[in-house]
Structures are given as structure tokens and as C-alpha cells.
Amino acid sequence: MTYWIVVIRLEDSRNSVSINPDFGNNPSSFIVDGREFIWTPNAWNAPSLGGVPLLAPWANRLDAESYNANGSRYLINSSLANLRFDAHHQPIHGLLLFASGWKTVRQDSSSVTNRLEFWRFPKWMAQFPFAHAIEMTHRLNGSTLEIETAVENLCDEPLPLSLGYHPYFQLTDSPRETWKVHIAARDRVGLSDKLVPTSERTPVASNPFALQGVSLDAVFTNLTGEAFVIEGKSQRLTVRFGPKYPVAIIYSPVNSSF
């Protein structure tokens, strides 16, 4: 069964973005001058990742089936079957990758804002018992796609939150092995053998660098504020982080096309 059905499309004369609120509010397509810059699997069935999925209420992986918040320890309940695990059985990428329940609250010709009321879903609240709502705005401005996220805390305690995005980008003018990448960060974070961050930091080396023969699953911090860049033969894609995103993870296995 294929789960993807595009229901919202923003477009101008040369560019478009397609979004499905019932599949994680995930953009499946970002076309600029007739070329697709978002990668998706050939057969997009849950739980496959692609597009620009939201990672919430936590991004990346937890180092155990529990976490500390506001002076208390909260346990993850794997029997609820709403978790995704990595190869080391660590909970990864939050709860909302393929979530339905997003409702459109504002829309015009160039933007759409969808809202998810997390607190209404008992199985999510069982894993993360902090009432909140998320509003995500996708905004198309020429060859730029902006994704803006607002989180409303509806509980009486501080809201522990570490959300992020997992965009899959592609260039279509050349193979991955010829692409060059510029990392807009000063430090690379050390990782354990389970890919959990350690206190180790090393300076980012040569920039830009070619992807040929390079496999990446790396964490970077101390961002410069400049754009991250992917360059092919003639195409150039840039990514800018908002000021409240202090960490970047770059994932690109050798045999991938993203």
C-alpha cells in the first residue's frame, strides 16, 4: 500500500512545493525551474524516510528507553508500538514522522500553516507527557522554501523539546560522487560506537570537500551562521538554519543519491 497522497500544493510560474498533512506534514516535492531538489524513495511506504520529515518531540536518538526532564526521569513504553529504533535499539527521530492529524489553520497563494495538537493523542502523551501543540508553516518564495516551526507549551512545567528536521536533498545535474559540500560549522562532535554524542570536539577540516568515497553520518556544532552548500555540475543548493538550531547532522551514505 502506498501512503503518499499530495493534498496541498504551493506554486508560482516556475517553482512549486507539495505537502501532505496526513503523512507527517512532509513535503514530497520541491521543484525549481523544472528540477526536483527533494529526494524520496521510489516506493514511499511507511516507515520509509524521505522528503523533509519533522523529528519531534526529540530529534536523532535517545541513549536509552528513558530521558530526564525537569528533575524527573520518564520511561519510554515500547509496547505502544509508536517508536522507531536504530540498529542499537535506541529510540530515534521522535513520534511524528508519519503522523496524521495536521489541520490547516492558514493558507494563501504562497504559504500554508498546519497545526498538530499533540496533547490530544494519548499514545504520544504516554511517551512524552508534556501537553503542547506545533504549528508548521511552509512558505514558497521564488526558489526558496522556508519551513518555520512554532511550539506552544500547554502544560504548567517548562517544555523539554529538541525538535529538528531530516531533509533529503538531491541534485539532478550530476552523480553524488561529484558533488561538493560546504559545512557551515566550526566543530565536529565526537560520537560513541552507538552514534551518541560525547564531549569530544574537533575542528571542521577542509571546506568545501568532495563527496566521492565519503560516507557521512556526522554531528556538527558551533555553527557559523553561513549557509550549508551542496554543489553539482551546475546546480547549487543552500540550507540556512534558524537561530534556535545550534546543531547540524549530515547523513549521506556512500551508495546513496542524497
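Student: Where does Pro 57 lie in this model?

Tutor: In this predicted model, Pro 57 belongs to the loop between β5 (54-55) and β6 (66-69).

Student: What kind of peptide bond joins Ala 56 and Pro 57?

Tutor: The bond is cis, with omega about 5°. Another cis bond joins Asn 207 and Pro 208, where omega is about -5°. Pro 208 is placed in the loop between β15 (197-203) and β16 (209-210).

Student: Why is Asn 25 called buried?

Tutor: Buried means under 20% relative accessible area. Asn 25 has 0% relative accessibility, and therefore counts as buried. This residue lies in the loop between β2 and β3, and its phi is near 55°, a positive value in a residue other than glycine.

Student: What makes Asn 222 partly exposed?

Tutor: The term covers values between the buried limit of 20% and the exposed limit of 50%. The relative accessible area of Asn 222 is 36%, so Asn 222 is partly exposed. Asn 222 is found in strand β17 and has a positive phi of about 55°.

Student: Which residues have the most contacts inside the largest nonpolar core?

Tutor: They are Phe 30, Ile 183, Phe 220 and Phe 228, in a core of 29 residues. Strand β17 gives the most to this core, with four residues. A second, separate core has 22 residues, including Trp 58 and Phe 128.

Student: How do you know that Ile 183 touches Phe 220?

Tutor: Contact requires heavy atoms within 4.5 Å. Among the residues that Ile 183 touches are Phe 220, Phe 228 and Ile 250.

How values were computed:
Residues numbered from 1 in each chain as written. Predicted model: local features only at pLDDT ≥ 70, side-chain atom pairs only at ≥ 80, totals over all residues. Heavy atoms only, no water. Core = buried A, V, L, I, M, F, W, Y, C linked by side-chain atoms within 4.5 Å. Buried < 20%, exposed > 50% of the residue type's maximum accessible area, 1.4 Å probe, protein only. Helix = DSSP H or I, 4+ residues; strand = E, 2+ residues; numbered from the N terminus. Lists of a residue's contacts leave out its neighbours within four places in sequence.
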